[in-house]
Amino acid sequence: MKIGIVCYPTFGGSGVVATELGLELSKRGHEIHFITYNQPVRLDLLGNNVHYHEVNVPEYPLFHYQPYELALSSKLVDMVKLHKIEILHVHYAIPHAYAAYMAKKMLIEENIYVPIVTTLHGTDITLVGSHPFYKPAVTFSINKSDAVTAVSQSLKEDTLRLFDIKNEINVVSNFIDLSKYNHDFTDCQRAMMATDNEKIITHISNFREVKRVQDVITIFYNIQKEIPAKLMLVGEGPEREKMEWQCQELGITDKVVFFGKSNEIDKILCFSDLFLLPSQTESFGLAALEAMASGVPVISSNTGGIPEVNIHGVSGFLSEVGDVSDMTKNALHILKDDNRLKTFKSNARKESLKYDLHHIVPQYETIYEDTLAKC
Ligand code: GMT
């Protein structure tokens, strides 16, 4: 199949999933066209079957907001015609599903029919999409898609609760390329980060309010009062400065490493002992799955789709959002006993196997085939 993929090209989970999906589909013989405003961060392999088409939005001083949707839908029309793309898969409803619908309508005028598959990722539904400013357009774009998928059962339920949806929503969970997270790899230069007796705690996110990064630091502060430990913080975002101040006020700056945005996630997870994800809301928690694939147990909140991924008492523990003392207690329970830590590490890896891309990507292929067959 010739498949056009539209996504955010940034470090966010939806862009990562879309990129990994495109790469795997190309290995399975499909021709993939990424259409977005920058080359996706995890897209380092352009080849015969993987193409990238940049959407340019010329700056014009008359416009207070430059019209990205317009540029995207025009680019989609051109790329579908030029490369004979058969199906468009858009990740994140806003504004991608809306722009794809406009492209589809323009193409129908030229007797070209291109169906649209929309994948809902989380904040496009729970935080941004349900805002009254966007809700009618988001509802419309979901209902006008030829197929809709959500990355967890919880996100499907949220979508049905928050919007008036007429379409069926298929749950296709996020996935991971397990070969990139080599569990048995030992040469990960742990010694550069911590001494043998220090435990390494890690958090990876875009440091937005919804991630409750202040809780991450509080939990770590509590942990390091009881056992020697270091905190690895990976990512960038609006809360970063507050986090640095919090570390300073708590007197723990020498125990905290800010990595910034990193393409070396697998290497950082390789030397981690515990992953923290205390989010306010989380449709899936791809970062938690990446940690588990590296054999790192997860201490998380029990919100949204996280309980579908992190299994309480098996791959880690779940607590109520904001309950930092329970999260601290659970973290210490795992970290204080080396045998228990070993068991949780191995359980985390085992749980992650369910999300191997070889199980999940064929589900998308079936959806494409069924959608094309219906046209
Ligand atoms: O908040 C993020 O981490 C970024 C955001 C995105 O859209 O890129 O992530 C959402 O999609 C990910 C991939 O499907 C999910 O794993 C995240 O749970 C989800 N984030 C939220 O729901 C807050």
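Which helices each supply at least two residues of the shell around the ligand?

1. Basis. This is a predicted model, in which local features need pLDDT of at least 70 and side-chain atom pairs count only at pLDDT 80 or more, while totals for chains, interfaces and linings use all residues. Residues are numbered from 1 along each chain as its sequence is written.

2. Ligand shell, by element. The helices asked about are α1 (13-27) and α4 (123-126). Of the elements, α1 gives the most to the shell, with four residues. Helices (H or I, at least four residues) and strands (E, at least two) are DSSP runs, numbered from the N terminus.

3. Ligand shell, by residue. The ligand is surrounded by 21 residues, and the closest are Gly-12, Gly-13, Ser-14, Gly-122 and Leu-286. A residue is near a molecule or strand if its C-beta atom, placed from the backbone, lies within 6 Å of it. The shell has 14 polar, six nonpolar and one charged residues. Here Ala, Val, Leu, Ile, Met, Phe, Trp, Tyr, Cys and Pro count as nonpolar, Asp, Glu, Lys and Arg as charged, and the others, Gly among them, as polar.

4. Domains. The protein is divided into domain 1 (2-175 + 356-374) and domain 2 (178-355), with bounds that come from an automatic or database domain assignment. Why does the ligand lie between the two domains? Both domain 1 and domain 2 give residues to the shell around the ligand, so it lies between them.

5. Domain contact. The C-alpha centres of domain 1 and domain 2 lie 30 Å apart. Their contact takes 19 residues from domain 1 and 15 residues from domain 2; two residues are in contact if their C-beta atoms, placed from the backbone, lie within 7 Å. On the side of domain 1 that touches domain 2, α1 and α6 (153-162) are the elements that give two or more residues. That side of domain 1 has eight nonpolar, 10 polar and one charged residues.

6. Sheet. Seven strands form an open sheet in the order β3-β2-β1-β4-β5-β6-β7, with parallel pairing. Two strands pair if DSSP finds at least two bridges between them. At the edges are β3 (50-54) and β7 (169-171), each pairing on one side only. From one strand to the next, the twist averages 25°.

7. Details of the sheet. Strands β1 (residues 2-6) and β2 (residues 31-36) pair in the parallel sense over four bridges, and Ile-3 stands opposite Ile-32 in β2. Helix α2 (residues 68-83) lies across β1, β2, β3 and β4 (87-91), running at about 160° to β2. Axes are lines fitted to C-alpha atoms, for helices over the stretch in contact, and angles run from 0 to 180 degrees between N-to-C directions.
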